[in-house]
Amino acid sequence: MADRYLKYLSIKSVIIIIVAFLLDKVSALSHNCSTTVWASDATTIAGSPDGIADFNSALLNTPMGIAVGENDSIYVMDSTDSSSRLQLFYPGSQSGITIINASIGPDLDEFFYVTAINIDVSGNIYILDRINSRVTKWIPGASTGILVAGGNGHGFSLNQLYLPWDFFVEPNTSYIWIADYYNCRVVKWVNTSTAILVAGKNTYGLQANELNRPQGLFLDTSDSNTLYIADTYNHRIQKWLYGASSGTTVAGQSGVSGSAFNQLYTPFDLIVDTNGSMFIVDDGNNRIVLWLLGATSGRVIAGTGVGGVLPSQLNQPYYLALDSTGALIVNDYGNSRIQRFPIICSPNMTSLSTTSTTAILQNTTMAISLTTNSLTTSASE
């Protein structure tokens, strides 16, 4: 009898320890988070969680450009060999609505390999048509686009583009900044026929005034139009002050690829926040990296570094966006899906989200239940 009583006390002690530990974990995440933390597992908000590609309302086929719209709706461009479409996914819906549907071709109501999209405050949709080397503007409800940049065939002159990859529409202006991939430069289009060279040259290179196949860019309009460039095949991010003749490497090692925290491997895209922190799509390493202002290395905030289809993995991520909550919206190109990594802890948060807290408390309940069953069985023996 005494032995059974002692075992009962042991059960209570273990349960108290488990409860205290897990509730302390909730408290620590809620109040003592020194840096923002994103969930390690993502939720698929468009496409198949299992990486299945198709071209219907519920699935995507190698999605390219993405954009976050009003109320955190998601715009996604994907295509087949014969047609391209722009899909709109409302929050909570796995079924996309086709906003634009076009065949493959050179006409202004057609596309040929779209790689990026932008949406302005008026709801106009800008589409970078890579093989046609142009950007078109689609007014809401339009059945054809309006040429706003390029469209003069592939070429090296300033009024031509050569397989452009990404672009940025400067707010409150008609200016369009374009990563002109094959020309290894960034150009600013001030009207439909005139462009200005703002970074790089017409030849690739590793010097501070050169780029090597740039694929992503970000324009910091709050900082005198400072330009950040994903200098993809130099494996670095270049910061280029407006009007400067050369850039400064602010992330990665120039010309050296790798998976160390101070290295990048073919970065594709980036976002810069108001603190100067860079969110970088490190495509070759299948991860998203946060690189703080002035830091010499980054921190992995999404992806495991190994390509795969698990919720924690990415496979050739291409583009990145942030929704109104700060969640990472990632175009997981190789898995034909759009992934959302929510914030689970931030220095600015006073508590965890209901979902995160509930999940931890559910784990607490499960641990108590399993422990009680196990120890009760042991005590009755």
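1. Cys184 counts as buried because its relative accessibility is 1%. Cys345 is likewise buried, with a relative accessible area of 1%. Buried here means under 20% relative accessible area, exposed means over 50%, and partly exposed lies in between, with a 1.4 Å probe and protein chains only. The disulfide count is 0, where a disulfide is a pair of cysteine sulfur atoms within 2.5 Å.

2. The model is predicted: local features need pLDDT of at least 70, side-chain atom pairs count only at pLDDT 80 or more, and totals for chains, interfaces and linings use all residues. Residues are numbered from 1 along each chain as its sequence is written, and side-chain values use heavy atoms, with hydrogens and water left out.

3. Asn286 sits in the loop between strand E20 (278-282) and strand E21 (287-291); strands are DSSP runs (E, at least two residues), numbered from the N terminus. Asn286 is buried because its relative accessible area is 12%.

4. Leaving aside residues up to four places away in sequence, Asn286 touches Gly303, Thr304, Gly305, Val306, Gly307, Leu314, Asn315, Gln316 and Pro317 (contact: heavy atoms within 4.5 Å). With Gln316, the Asn286 side chain reaches the backbone nitrogen at 2.8 Å.

5. On the surface, Tyr90, Ile97 and Ile99 form a nonpolar patch with about 280 Å² of accessible area together. Patch members have over 30% relative accessible area and no salt bridge, and nonpolar side chains (Val, Leu, Ile, Met, Phe, Trp, Tyr) are joined within 5 Å. A salt bridge is a side-chain nitrogen of Lys or Arg within 4 Å of a carboxyl oxygen of Asp or Glu. Areas come from the Shrake-Rupley method with a 1.4 Å probe.

6. Ile99 belongs to strand E6 (residues 97-103). Ile99 counts as partly exposed because its relative accessibility is 39%.

Notes:
Patches are made of residues with over 30% relative accessible area and no salt bridge: like charges are joined within 9 Å, nonpolar side chains (Val, Leu, Ile, Met, Phe, Trp, Tyr) within 5 Å. Helices (H or I, at least four residues) and strands (E, at least two) are DSSP runs, numbered from the N terminus. A polar contact is a pair of N or O atoms within 3.5 Å; within protein, one must be able to donate a hydrogen and the other to accept it, and residues adjacent in sequence count only if both atoms are side-chain atoms.
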